[in-house]
Amino acid sequence: MAAACSRIVVVFDFDKTIIDCDSDNWVVDELGATDLFNALLPTMPWNTLMDTMMRELHAQGKTVDDIRKALTSAPIHPRVVPAIKTAHALGCDLKVVSDANLFFIETILEHLGIRECFSEIYTNPGFVDQEGRLRIHPFNSSPHGCTNLCPPNMCKGGVIEKLQSTLPEKIFIYLGDGVGDYCPSLKLREEDHVLPRKNFPLWDLISKSPMLIKAKIHEWSDGHELEQTLLQTISEICSSFLDEEDVNSQLVSADCKLQTMSTSGVREPLPRRALPMPH
């Protein structure tokens with residue numbers, strides 16, 4: 001089973017996919033800087049705004065530890081961590097591709113005890129400088145030239161293309177919710193899978209023109225459905241390499257080891273959640 005699942009790369013967006021909020025907004029709100037953020041929002045790019053907000057928060061006496069504490073209180077559905085741990089235990093290669101920033105993401109993943117589940121994180125640099133201040137820089141230092149609704153600082157589709165070129169034999173599963181997740185969804189191939197969060201911008205974009213997506217589409221609404229849909233998708237992929245009985249028994253074995261999910265949640269196949277094609 002591990003050999004079969006090792007052929008799967010699971011790529012997670014972060015905000016509103018792994019955690020149930022936008023981490024930038026969460027920190028700003030928790031540290032009482034919402035009014036300033038809203039006043040500055042129309043005047044500068046998002047990454048510049050977040051870097052400016054960190055400077056302003058430090059000027060108000062907030063420390064990196066205050067920011068870290070705010071991050072550890074970010075909401076997350078209780079089934080998301082078990083889903084990630086199970087996918088990792090099964091042998092899948094897990095990565096994050098996010099328009100948040102490295103400091104925010106690593107702080108939350110370490111707090112949740114799942115940082116080691118991810119082999120790579122592609123995101124905007126976030127780091128503490130020599131003066132002890134948190135800085136946030138854009139992922140792309142120059143224009144990326146993509147026209148697929150990507151923000152100017154990051155083209156996630158470019159990241160997926162890079163991963164596909166270095167891992168051509170892998171099957172990709174992509175989970176996301178936002179407009180920035182549309183471009184990478186377009187880059188997926190017929191053998192890949194995209195899991196858009198229902199009633200969020202990515203799902204809306206795919207629903208308008210599902211024929212533009214080559215990958216198989218499986219929607220989800222919350223952490224419970226994320227867990228079920230992700231593990232069912234992994235099972236379906238592995239069943240093409242192994243007998244289904246072996247796949248299910250291995251999924252249940254991983255379940256028992258981690259004590260994260262019920263046997264029935266894995267053994268009973270989910271209904272297909274492919275989006276309807278327009279007539």
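## Gln-164 and helix H8

Helices here are DSSP runs of H or I with at least four residues, numbered from the N terminus. In this predicted model, helix H8 spans residues 156-166 and includes Gln-164. Gln-164 has a relative accessible area of 13%, and because the limit for a buried residue is under 20%, Gln-164 is classed as buried.

The side chain of Gln-164 has a polar atom 2.9 Å from the backbone oxygen of Lys-187. With neighbours within four places in sequence left aside, the contacts of Gln-164 are Phe-172, Lys-187, Leu-188, Arg-189 and Asp-192.

## Annotated binding site

An unreviewed UniProt entry carries the annotation "binding site" for Asp-13, Asp-15 and Asp-177. These positions are spread over 165 residues of sequence, yet they cluster in space, with a largest C-alpha distance of 8.3 Å. Asp-13, Asp-15 and Asp-177 from this set are part of the lining of the largest pocket.

What surrounds Asp-13? Not counting residues up to four places away in sequence, Asp-13 touches Ile-18, Val-97, Ser-98, Lys-156, Leu-175, Gly-176, Asp-177 and Asp-181. Asp-13 sits in the loop between strand E1 (8-12) and helix H2 (23-30). Asp-13 is buried, at a relative accessible area of 4%. Its side chain is in polar contact with the side chain of Thr-17, at 3.1 Å.

Asp-177 belongs to the loop between strand E6 (171-176) and helix H9 (182-187). Its relative accessibility is 7%, so Asp-177 counts as buried. The side chain of Asp-177 makes a polar contact of 3.1 Å with the side chain of Thr-17. With residues up to four places away in sequence excluded, Asp-177 touches Asp-13, Asp-15, Lys-16, Thr-17, Arg-197, Phe-200, Pro-201 and Leu-202. This list includes Asp-13 and Asp-15, which carry the "binding site" annotation along with Asp-177 in the UniProt record.

## Largest pocket

The largest pocket has a volume of about 510 Å³. Its lining consists of 22 residues, and those nearest the centre are Asp-15, Asp-22, Asp-99, Gly-178 and Gly-180. H2 and E2 are the elements that give two or more residues to this lining. The largest share, three residues, comes from E2.

## Salt bridges

How many salt bridges does a search of the whole structure find? The search finds 15. One of them joins Lys-95 and Glu-120, whose closest N and O atoms are 2.6 Å apart. Lys-95 is in strand E2 (residues 93-101) and Glu-120 in strand E3 (residues 118-124), so this pair ties together parts of the chain that are 25 residues apart in sequence. Lys-95 is buried, at 3% relative accessibility, whereas Glu-120 is partly exposed, with a relative accessible area of 29%.

Lys-156 and Asp-181 form another salt bridge, with 2.8 Å between the closest N and O atoms. Because Lys-156 lies in helix H8 and Asp-181 in the loop between E6 and H9, the pair ties together parts 25 residues apart in sequence. Lys-156 is buried, with a relative accessible area of 5%, and Asp-181 is buried at 1% relative accessibility.

Lys-198 is partly exposed, with a relative accessible area of 30%, while Glu-219 is buried, at 12%.

Definitions and conventions: Residues numbered from 1 in each chain as written. Predicted model: local features only at pLDDT ≥ 70, side-chain atom pairs only at ≥ 80, totals over all residues. Heavy atoms only, no water. Buried < 20%, exposed > 50% of the residue type's maximum accessible area, 1.4 Å probe, protein only. Polar contact = N/O pair within 3.5 Å; in protein donor to acceptor, adjacent residues only side chain to side chain. Contact = heavy atoms within 4.5 Å. UniProt positions renumbered as here; feature names shortened; annotations may be inferred. 1 Å grid on protein atoms, 1.4 Å probe; cavity = no way out; pocket = protein on both sides within 12 Å on 5 of 7 lines; lining within 4 Å. Salt bridge = Lys/Arg side-chain N within 4 Å of Asp/Glu carboxyl O. Points joined across faces, edges and corners; volume = space filled by probe spheres on them.
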